[in-house]
Amino acid sequence: MEQLRLCLQRLPVVSSDEALLGDLSWQLNHYYIELDSALLRAVMDMRAAHTGLQALITLLERRDEPLLFSSEEALALLEPIQQRLKQGLEHLNGVQ
């Protein structure tokens, strides 16, 4: 985001020079693609984590008998969800 802001600040300065304007246009496009890619990866990770949580909740809600798994097994079920949430947040933090 900071790179986009800096490019936009340069726009009035370079508007009279076609070569600089072309370079700035390329930079804006490059930073836009980076930003879009990071946001897309974050959304995909968050959706995957949400799907994992929904599956786990469904499993817990539809049980007919008491749960017979250990804390370690519960952690094993939650670990991939935590990793996807962490990845999603890292992508979002990289956008700043």
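Visitor: Which residue forms a salt bridge with D45, and how far apart are the closest N and O atoms?

Guide: Good place to start! Side chains of opposite charge can pair when their charged atoms come close. In this predicted model, the partner of D45 is R84, with 2.8 Å between the closest N and O atoms. D45 sits in helix α2 and R84 in helix α3, so the pair ties together parts that are 39 residues apart in sequence.

Visitor: How many salt bridges does the count come to?

Guide: The count comes to 1 salt bridge.

Visitor: Let's turn to the helices. At what angle do the axes of α2 and α3 cross?

Guide: Two packed helices are described by the angle between their axes and the distance between the axes. Here, α2 covers residues 18–61 and α3 covers residues 71–95; their axes cross at roughly 160° and come within 8 Å. That angle makes α2 roughly antiparallel to α3, since angles over 145 degrees count that way. The crossing of α2 past α3 is left-handed.

Visitor: Which classes of residue make up the contact of α2 with α3?

Guide: There are 17 nonpolar, 4 polar and 3 charged residues in that contact.

Visitor: And how does helix α1 pack with α2?

Guide: Helix α1, residues 2–14, packs with α2 at an angle of about 165°, and their axes are 10 Å apart. The two helices are therefore roughly antiparallel to each other. Their crossing is left-handed.

Visitor: Now for the surface. Which residues form the nonpolar patch?

Guide: The patch consists of L53, I57, L59, L60, L67, F69, L77, L78 and L85, and together these residues have about 690 Å² of accessible area. Two or more residues of the patch come from each of α2 and α3.

Visitor: Which element gives the most to the nonpolar patch?

Guide: That is α2, which gives 4 residues.

Note on methods. Residues numbered from 1 in each chain as written. Predicted model: local features only at pLDDT ≥ 70, side-chain atom pairs only at ≥ 80, totals over all residues. Heavy atoms only, no water. Axes fitted to C-alpha atoms, helices over the stretch in contact; angles between N-to-C directions. Parallel < 35°, antiparallel > 145°, perpendicular 65-115°, else oblique. Left-handed = near helix turned anticlockwise from the far one by under 90°. Nonpolar A, V, L, I, M, F, W, Y, C, P; charged D, E, K, R; others polar. Patch = residues over 30% accessible without salt bridge, like charges linked within 9 Å, V, L, I, M, F, W, Y side chains within 5 Å. Areas by Shrake-Rupley, 256 points an atom, 1.4 Å probe, with all protein chains shown as cover. Salt bridge = Lys/Arg side-chain N within 4 Å of Asp/Glu carboxyl O.
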